[in-house]
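Here is a short briefing for a reader coming to this structure for the first time. Keep the sequence and the 3D view side by side while reading.

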Amino acid sequence: MEAPQELKTGQKLNEGKTKQIFELVDEPGLVLVQSKDQITAGNAVRKDQMEGKAAIANKTTSCVFKLLQDSGIKTAFVKQHSDTAFIAAHCEMIPIEWVCRRVATGSFLKRNPGVKEGYRFSPLKMEMFFKDDANNDPQWSEEQLLEAKFTLAGLTIGQCEVDIMNRSTVAIFEILEKAWATQNCTLVDMKIEFGVNVKTQEIVLADVIDNDSWRLWPAGDRSQQKDKQVYRDLKEVTPEAMQMVKRNFEWVSERVKLLLEPQASGRVVVLMGSTSDMAHCEKIRKACTSYGIPCILRVTSAHKGPDETLRIKAQYEGDGVPTVFVAVAGRSNGLGPVMSGNTAYPVINCPPLTPDWGAQDVWSSLRMPSGLGCSTILSAEAAAQFAAQIFGLTDHLVWCKLRASMLNTWVSLKLADKKLQACTI
């Protein structure tokens with residue numbers, strides 16, 4: 001990467017086993033997270049230097065946070081600063097590790113005798129552990145967390161905040177699980193931490209997510225594991241063994257970049273019967289753009305120029321790009337039915353209904369002749385969302401944006417309810 005901009009660091013705010021955190025003198029509210037060339041296991045009972053680990057970990061965590069941020073997850077991450085450091089929002093950390101499991105393995109089996117390795121959790125299994133090295137990070141219940149009444153950056157951790165972290169952990173896991181599946185890798189389990197942004201008092205994903213944070217099995221095969229478990233399992237730490245561990249970490253840091261690349265390209269083509277419908281169509285285009293989907297606007301009338309409508313259809317069928325057509329036609333909607341009857345691509349009716357004749361006009365979109373499969377969605381934003389759900393079946397980046405949007409909608413409702421309760425108590 002390019003030479004990093006010179007930053008003036010102040011006091012060291014915290015130091016862990018694998019990183020240091022420094023305040024940034026000229027950037028109030030931001031910190032520098034500096035990785036170290038150290039690898040540990042068992043609360044640092046085993047500890048070794050691994051040359052180059054800081055750069056590998058920083059590269060991995062920067063890519064992971066960029067994927068999550070691009071999806072719409074709120075994180076402390078701002079940007080990668082250098083090969084071994086990134087800039088983040090200053091957070092007061094909530095001393096809980098949230099662990100999310102898809103496959104039973106590791107410590108879960110020891111704590112739950114009788115469960116066989118490989119048992120698949122659907123829904124995901126959630127656990128939390130209080131960060132206390134002296135007591136080997138004991139497992140906590142939700143009740144223990146609530147009774148602790150942590151107050152960080154002016155925010156008291158209550159039921160609302162616990163629920164948000166719980167939901168967020170599931171969404172974050174599912175996004176990364178979906179992304180790693182594109183590389184034929186099973187995300188077995190992972191741990192994450194949250195902090196309270198000192199400026200906004202928001203709970204955000206913080207700390208790091210690197211190869212220390214998860215179990216990752218290529219092709220779902222534990223014998224091919226690429227995560228830190230390989231280091232934990234070493235009977236003897238030798239230079240040759242450490243080189244093997246380093247190669248695994250490098251393998252992950254290279255593959256993680258691929259998670260940012262779309263697996264398929266697609267587009268939405270909006271066909272409007274008249275330019276008088278432009279405002280409605282622009283809403284569709286804006287919503288498509290928020291999901292990272294290109295959107296093209298065209299004007300054509302199936303009533304007045306059916307040959308031109310079918311020519312436009314053929315143009316977008318002929319280049320092999322997956323396409324969803326959205327038909328925007330008021331009054332008598334012939335556009336959607338004609339398109340649906342002549343293409344195997346999905347067609348969505350999104351008529352711009354008017355107050356005077358809308359109740360009558362909508363039936364031309366709802367009542368289709370037999371053999372036609374176009375849906376009807378009245379909201380411009382919802383039509384774009386439905387198109388995104390279609391593309392999300394093959395493009396994990398679109399799916400991730402949809403999943404994060406679901407989470408953010410849920411969180412906004414939760415916070416609104418908390419605010420309302422505070423006003424009425």
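Start with strand E2 (residues 19–24) and strand E3 (residues 30–35), which pair in the antiparallel sense over five bridges. Isoleucine 21 stands opposite valine 33 in E3. The model is predicted. Its protein chain has 13 helices and 21 strands.

**The chain as a whole**

- The C-alpha atoms of the protein chain fill a box of roughly 75 × 55 × 55 Å along the principal axes.
- The protein chain has 425 residues, and 48% of them count as buried.
- Take the contacts between residues at least 6 apart in sequence: 64% of these join residues at least 24 apart.

**The antiparallel sheet with E2 and E3**

- E2 and E3 belong to an open sheet of five strands, in the order E1-E2-E3-E7-E6, with antiparallel pairing.
- Strand E1 (9–15) and E6 have a single partner strand each, so one side of each is left without a neighbour in the sheet.
- On average, neighbouring strands of this sheet are turned by 30 degrees against each other, direction ignored.
- Helix H1 packs on the sheet and touches E3, E6 and E7. The direction of H1 makes about 130 degrees with that of E6.
- Strand E6 (residues 77–80) and strand E7 (residues 85–89) pair in the antiparallel sense through three bridges. Glutamine 80 of this pair stands opposite phenylalanine 86 in E7.

**Helix H1**

- H1 covers residues 53–71, and 19 residues at 1.5 Å a residue should span 27 Å. The end C-alpha atoms of H1 are 27 Å apart, which agrees.
- Is H1 mostly covered or mostly open? It is mostly covered, with 14 of its 19 residues buried.
- Glycine 72 follows H1 and has a positive phi, near 120 degrees.

- Seven bridges link strand E9 (residues 96–103) to strand E10 (residues 120–130) in the antiparallel sense.
- Arginine 101 stands opposite lysine 125 in E10.
- E10 also joins strand E11 (residues 139–140) by two bridges, and these two strands run antiparallel.
- Methionine 128 has tryptophan 140 in E11 as its bridge partner.

**Helices H4 and H13**

- Two packed helices are described by the angle between their axes and the distance between the axes.
- Helix H4 (residues 159–181) packs with helix H13 (residues 396–424) at an angle of about 175 degrees, and their axes are 10 Å apart. This makes H4 roughly antiparallel to H13.
- The H4 side of the contact includes Ile164, Val170, Ala171 and Ile175. Among the H13 residues are Trp399, Leu407, Trp410 and Leu415.
- By class, the contact of H4 with H13 has 13 nonpolar, two polar and eight charged residues.

- Strand E14 (residues 185–197) runs antiparallel to E15, and four bridges join them.
- Glycine 195 has valine 204 in E15 as its bridge partner.
- Five residues lie between the strands of this hairpin. In the hairpin, glutamine 201 takes a positive phi near 60 degrees.
- Strand E15 (residues 203–206) is covered on both faces. Ile203 and Leu205 are buried on one side, and Val204 and Ala206 are buried on the other.

**Aspartate 221**

- Where is aspartate 221 found? It is in the loop between strand E16 (214–218) and helix H5 (229–232).
- Aspartate 221 is partly exposed, with a relative accessible area of 29%.
- Aspartate 221 and cysteine 185 are 36 residues apart in sequence, and their C-alpha atoms are 8.8 Å apart in space.

**The parallel sheet**

- Five strands form an open sheet with parallel pairing, in the order E18-E17-E19-E20-E21.
- Strand E18 (295–299) and strand E21 (375–376) are the edge strands, and each pairs on one side only.
- Strand E20 (residues 347–349) and E21 pair in the parallel sense over two bridges. Asparagine 349 stands opposite threonine 376 in E21.
- Helix H12 (residues 380–392) packs on the sheet and touches E17, E19, E20 and E21. The direction of H12 makes about 165 degrees with that of E19.
- Helix H7 (residues 278–290) lies across strand E17 (267–272), E18 and strand E19 (323–328). H7 runs at about 160 degrees to E18.

Definitions and conventions
Residues numbered from 1 in each chain as written. Predicted model: local features only at pLDDT ≥ 70, side-chain atom pairs only at ≥ 80, totals over all residues. Heavy atoms only, no water. Pairing = 2+ DSSP bridges. Axes fitted to C-alpha atoms, helices over the stretch in contact; angles between N-to-C directions. Parallel < 35°, antiparallel > 145°, perpendicular 65-115°, else oblique. Contact = heavy atoms within 4.5 Å. Nonpolar A, V, L, I, M, F, W, Y, C, P; charged D, E, K, R; others polar. Expected span 1.5 Å × (residues − 1). Buried < 20%, exposed > 50% of the residue type's maximum accessible area, 1.4 Å probe, protein only.
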